[in-house]
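Student: Hi! I've just opened a model and could use a hand reading it. Can we look at it together?
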Amino acid sequence: MSDVAGDGTLPLMAPGVTSLSLGDDISAHVLRPRTLLWWWIGFGISLALLLVLIGSSAWLFIAGIGIWGIDIPVAWGLAIAEYVWWIALASGGTIISALFYLTRSPWRSAISRIAEAMMLCAAASAGVMPILHLGRAGFFYWLFPYPNVMGVWPQFRSPLLWDFVCLLCYILMSIMFFYVGLLPDLATVRDRARGRGQRIFYGLLALGWRGSARHWRHYKTLYFILAAIMTPMVISVHSVVGLDFAGGMTPGWHSTQFPPYFFFGAVVSGIALVIMLTLPLRRAYGLEAIITARHLNALGKVMLVGSLMLGFAYFWEVFGPYYDADIAERHMLHERLFGVYAPCFWATILFNIAIPQLLWLPVLRQRPVPLFLIALGVIIGMWLERFVIVVTSLHRDYMPSEWGNYFPTIWDWATFLGSIGLFLTLFFLILRLLPIVSIAEMRELIAERP
Amino acid sequence: MSPRRRDYWRSLEELAETPDFRARLAHVQPRLAVALSGLDRRRFLQLMAASLALGGLAGCGPEPQQRELLPYVEQPPGIVPGRSRFYATALTLEGDATGVLIAHQMGRPIKVEGNPDHPASLGATSAVMQASILDLYDPHRSQSIARRGQLADWEDFIAAIVARREHLGTGAGLRLLTGRLTSPGLATQIQVLQQQFPDMRWHQWEPLHRDEAHAAALTAFGRPLDLLLDAEKAEVIFAVESDLISAAPGHLAYARALAARRRRLEAGGAMSRIYAIESTPTLLGAKADHRLALSPDEIARALRALAAALGAAPADWAHQDALPTAWLAAAAQDLQQHRGRSLVHAGREQPAEIQALVHAINAALGNFGTTVRLIEPVAAEAVDRRQSLTELAGDMAAGKVDTLLMLDTNPVYSAPDDLDFAGALGRVPFSVSLARYADETALASTWQLPAAHEYECWGDARAFDGTISLQQPQVRPLYGGRSAHALLAVLQGDTAPDDYASLRDRWQIEAQHRGFGAFDPFWHDALQRGVVEGSASMTIDLQPREDLAAQLPPPARPASGLRLLFRADSAVIDGRFADNAWLLELPRPFTRLTWDCAALVAPATAARLGVADGDVATIASEGGRLEAPVFVLPGQAADCITLPLGFGRRAGGLAVGVGFDAYRLRRAAAWSAPAQPLEKTGRRVALATVQGHDRMAGHDLVREVNLIALQRDPRALRHDEPAASLYPGFRYQSDAWAMAIDLNSCIGCQACVAACQAENNVPVVGKEEVLAGREMHWLRVDRYYSGSPDAPSIAFQPVPCMHCENAPCEVVCPVDATVHDHEGLNAMVYNRCVGTRFCSNNCPYKVRRFNFFAYARMDGRPAESWNPDVSVRDRGVMEKCSYCVQRIRRAQIDADREDRRVRDGEIVTACQQACPTQAIVFGDRNDPESAVARRKAGPLDYALLEELNTRPRTTYQAIVRNGNPVLEDKS
């Protein structure tokens with residue numbers, strides 16, 4: 001797996017790229033005195049969506065969780081589906097930046113920063129969801145094992161607690177990993193900054209990085225260790241999200257394959273979002289020289305592999321109820337395949353499994369537009385998959401007398417849109433303030449270029 | 001004030017020296033004034049608390065007299081905070097009294113329980129009785145007296161009546177309209193009035209009248225008589241859309257007796273067999289071993305055939321077309337084999353002809369004197385109430401009525417449309433409506449008087465067997481309501497009526513008359529126990545006339561086309577409880593509808609007419625037309641549309657605009673009418689049913705076994721091999737609370753649901769939230785169908801929390817808000833709950849309820865009506881059945897104080913206490929002698945979804961059907 005792209009014939013970057021030009025190009029985007037119009041437009045829309053989140057959350061806290069469409073039996077709705085969705089997207093970023101760092105895949109360098117930024121922003125959106133979803137959100141910290149006068153600890157058998165701990169560690173580690181990777185680039189920006197404010201800002205952020213050999217040695221060691229921690233962590237965080245469901249006895253959830261199943265989903269959806277962010281950025285920043293068809297090819301292949309793994313999991317998900325002959329499981333499955341929510345299920349299959357098979361064709365996976373569209377389909381498909389897992393499992397469980405449906409209300413959708421707003425707002429801020437391609441790593445590649 | 005700045009105390013002191021202040025002080029606080037004279041500064045400060053001084057200086061007006069305030073240093077005798085005291089009284093419905101005990105906490109009535117000493121209750125309650133406490137506190141109750149819509153007071157009314165009396169003369173224009181009355185006190189008052197005004201007439205009206213039975217009694221016995229039935233002695237019961245266990249007077253007692261006979265299996269005795277023929281499902285029909293859904297015409301013919309087969313009617317009636325003759329023959333044979341030990345019963349909606357045939361069949365079977373007894377009518381005056389109202393309306397329209405008093409009746413709403421009661425009422429110059437709500441009749445009357453609730457007044461009433469109960473007020477009238485006694489007394493000329501004194505005086509005479517001995521002990525005992533001992537009616541030894549069947553009119557020609565059936569709603573009854581949120585939200589046994597009513601149609605008929613649940617259709621009869629949503633009800637007879645009465649109120653509280661008013665289609669107060677073809681409007685509405693799915697979808701949630709199969713293999717239902725568990729089981733040193741629910745006894749009446757709601761402060765959520773799937777009932781009664789949709793087998797299953805040993809909810813809660821306690825209760829710690837709702841997702845029984853909104857705060861109940869023993873849950877918190885933990889703890893505290901263990905049967909959960917059939921048993925599973933342990937050891941015991949290995953504490957006893965082998969083989 002040392003070179004997932006495999007195809008060594010495609011160039012990693014255009015021939016004209018040099019260490020100096022790269023540093024100038026990337027830094028210029030950050031140090032540019034006038035912000036570009038497209039950024040303002042994008043940021044404005046994102047901020048507007050973020051305001052939707054703030055507004056809908058405020059109403060949620062005032063009126064109560066009942067403004068959502070959840071009920072008994074479907075007590076979890078969009079918030080949980082979106083939590084899983086966002087955390088999977090975040091995990092995809094980590095997979096590119098940490099897992100492929102460990103495998104020394106050369107195509108990773110140009111897009112690792114995008115992937116990491118995406119990871120942080122998606123983790124923020126993910127982190128908001130479980131708190132909003134609580135009936136009494138103000139007491140979310142009771143999940144934290146802190147000593148208190150009541151002498152009450154959290155309940156360590158609950159997957160929700162494991163999840164809370166995993167998510168917290170993951171977000172903290174992600175911030176650290178991201179920041180450590182940024183250090184040399186922050187120094188580069190600092191060195192090129194002209195304005196006093198910019199110098200102080202980036203100077204403080206760069207933590208006195210001077211690029212000495214000692215710095216580099218410590219940096220490399222730390223970054224490697226962090227990558228080595230992050231890789232199992234990303235697998236654990238999404239597996240534990242899977243356990244939130246597998247730990248329950250609800251038909252459709254109670255399955256041992258959920259941890260890897262959810263990880264497969266993370267691979268495919270994370271890569272898809274990286275593709276969706278990379279392609280417009282490549283165009284907007286004119287990065288065609290360093291993000292080439294080789295990168296697209298590699299991303300396309302990873303997405304295809306993810307899709308195949310996911311297909312495997314889908315197969316077992318359907319196979320299980322027929323194999324174990326549990327009435328409730330089977331009934332739920334039939335309802336999932338042919339009931340009210342069947343269109344969601346079949347759309348999942350279409351977007352996540354069927355359409356990505358087009359990636360077998362190099363022509364399609366090396367071209368931005370088809371790749372972007374397939375990735376968009378996967379993102380939608382993965383959202384639907386989470387919805388199907390959460391909702392259809394709950395809506396038909398053991399007691400037919402209590403069967404019921406769930407339909408999202410306008411407030412469910414507002415929270416969803418708002419979470420996209422939170423993600424994009426943070427992402428646009430990172431775009432404006434931080435170098436979006438890892439200059440240091442790219443310079444390494446240039447230096448190693450034959 | 002002085003221009004110089006002075007500090008607070010100095011100015012006060014100065015002020016205290018003014019003569020004005022001293023004079024006022026001497027008036028308000030004479031002793032203080034004495035103390036203040038010759039005051040020095042130090043002494044002043046010693047004496048004067050700032051607040052007292054300010055109080056005096058603030059210039060409160062002088063009080064007319066000094067009153068003494070008593071500090072709460074010593075408790076009033078008998079009142080212990082946190083303990084309930086019970087007071088006996090009785091609640092009437094259509095005149096029939098059921099004894100109740102009202103639990104008081106700190107002087108406030110909180111909860112209604114059945115009176116075990118009362119024959120109509122035997123300790124049980126109905127849902128309506130449970131909900132009566134909410135009626136008492138209902139803030140929508142009428143609270144002021146009004147004359148033509150203008151506020152007036154009681155003195156004005158007395159003056160108006162006194163003036164009126166001058167013009168009444170012999171009372172030719174004076175009319176009294178009441179419901180069915182059994183109260184000896186009211187009857188006496190009316191007699192006295194009748195003496196004062198010889199030409200006065202007393203009319204009665206009940207929309208859910210039993211005039212058909214009245215007419216049948218006249219035909220069969222030559223005079224009105226009431227029936228007393230013995231459901232326990234009956235080995236074969238033939239039910240003709242019988243309301244024996246759902247609405248008939250004494251239905252709670254009958255349900256108890258019936259269930260006892262159905263549980264005979266436990267005791268080793270024979271189990272009764274029930275045949276039912278009915279047009280719309282009844283609770284007894286659901287319990288039947290053989291049930292046929294027949295249209296009213298078919299019922300008439302079937303009963304004629306049955307009567308002929310049993311020798312109660314001419315033999316040539318035996319051949320009726322298009323009837324399941326084999327079924328009827330088997331039933332006839334079964335009845336024949338159980339002469340004197342069988343029972344045939346017809347519900348109040350069956351026409352007089354059928355009621356008379358039932359008498360003839362019971363006579364032919366020798367049931368009179370054994371399972372059927374006759375007593376003098378319990379009602380103060382047994383009349384045909386349809387006729388009575390018709391005469392009144394005619395006289396009113398003819399202008400013969402100038403003074404009309406309507407006591408606790410709502411004819412403007414419930415009278416048949418063809419009488420045009422509202423129009424006739426407009427021609428009465430002086431009409432008085434004594435009603436608890438500003439209802440349709442009250443608004444149309446000259447005088448509108450708020451009626452006191454029965455829990456607010458003195459009175460007496462009789463039960464179905466004639467037993468008299470004394471009613472004592474539980475609280476002073478909360479909203480200034482007046483009693484019927486007081487109103488009649490005013491009319492008699494007593495302008496300062498004293499209900500208590502007149503009741504006591506009357507009973508002093510009555511007790512002497514009946515030979516009860518010394519009055520005071522009798523009076524004390526009757527009030528305390530809620531029952532007048534030995535007041536039950538004597539059985540009359542009488543048989544129906546021999547040629548009864550021959551007296552009957554020839555059978556009507558079979559009608560074709562759709563038929564409308566007018567039936568009482570099981571919760572709002574005739575509409576009188578339409579302001580009771582508990583009853584509106586109480587799921588109806590079969591439809592599981594809340595907050596709504598629908599036209600009930602059989603599946604085959606619905607398919608033929610092309611309508612589905614929620615389709616709004618225009619339903620028309622010769623009485624008129626209305627638009628109603630359709631609800632498809634399995635077990636309904638083909639081509640019969642059941643319309644529930646009691647909805648579509650136009651005035652009087654919460655229920656205004658809820659559902660449609662089926663009275664508008666009802667002519668001559670008939671129970672059925674031919675309908676014109678249904679027209680679909682094309683609109684659809686959402687009906688708030690709490691059960692989404694009617695079938696068990698392959699699970700064996702309700703287990704059912706045939707008696708013969710059970711006798712062949714008594715342990716056919718038991719799976720005794722315990723499944724393995726990874727975790728070691730809990731150990732219980734002392735008590736292990738558990739519940740057993742006998743599905744064979746459960747009749748699906750919903751009393752437990754209402755009792756749970758009352759006991760556990762379960763909030764009402766409203767129609768929108770029910771539609772959103774958020775009802776809060778801790779206990780629900782699921783209803784499942786099996787078999788064909790048109791002739792289904794119907795089963796009820798009450799589902800409270802299972803209190804699992806391996807509780808799936810406990811492991812998934814991240815904050816330990818739901819935990820296992822040392823006695824095996826699955827406890828819910830509301831304060832700790834953060835509302836992840838994972839516990840509900842993981843509960844396979846879905847018994848957990850979540851406060852999506854602050855339902856308890858939104859509930860309109862007055863604060864003082866909540867049960868102080870149970871926390872009221874706030875928004876965002878999960879809740880569920882606690883096995884009435886507050887009752888467990890109370891019993892344990894009592895046991896601890898007496899240094900003993902809790903006795904079996906000492907803890908009674910609210911659902912168990914209410915249950916008329918004793919289907920629910922609660923106790924210590926560790927004690928092998930306890931009732932619950934014995935039930936669990938029985939052959940019928942099973943755990944719900946036991947394959948999940950949750951090991952529930954609540955287990956069920958399977959339904960046993962005692963099918964007739966002749967018919968079983970055929971099917």
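Student: Is strand β2 of chain B mostly covered or mostly open?
Tutor: Mostly covered. This is a predicted model, and in it 9 of the 10 residues of β2(B), residues 96-105, are buried.

Student: Which way do β1(B) and β2(B) run, and how many bridges join them?
Tutor: They run antiparallel, with 10 bridges between them. β1(B) covers residues 84-93. Across the pair, B:Ala90 stands opposite B:Gly99 of β2(B).

Student: And what's in the turn of that hairpin?
Tutor: The hairpin of β1(B) and β2(B) has 2 residues between the strands. One of the residues to look at is B:Glu94, with a positive phi near 50°.

Student: What about β3(B), how is that joined to β2(B)?
Tutor: By 6 bridges, again in an antiparallel pairing. β3(B) spans residues 108-114, and its B:Gly114 stands opposite B:Val100. These two strands also form a hairpin with 2 residues between them, and B:Met106 in the turn has a positive phi of about 50°.

Student: Switching to chain A: how many helices and strands are there?
Tutor: Chain A has 15 helices and 0 strands. Its radius of gyration is 23 Å, close to the 22 Å that the globule rule gives for 450 residues, so chain A is as compact as a globular protein of that length.

Student: What box do its C-alpha atoms fill?
Tutor: Roughly 70 × 55 × 40 Å along the principal axes.

Student: How much of chain A is buried?
Tutor: Buried residues make up 53% of its 450 residues. Also, of the contacts in chain A with a separation of 6 or more, 84% are between residues 24 or more positions apart.

Conventions. Residues numbered from 1 in each chain as written. Chains lettered and ligands numbered in written order. Predicted model: local features only at pLDDT ≥ 70, side-chain atom pairs only at ≥ 80, totals over all residues. Helix = DSSP H or I, 4+ residues; strand = E, 2+ residues; numbered from the N terminus. Rg over C-alpha atoms; globule rule 2.2 N^0.38 Å. Buried ≥ 20, exposed ≤ 12 C-beta atoms within 10 Å, placed from the backbone. Contact = placed C-beta atoms within 7 Å. Pairing = 2+ DSSP bridges.
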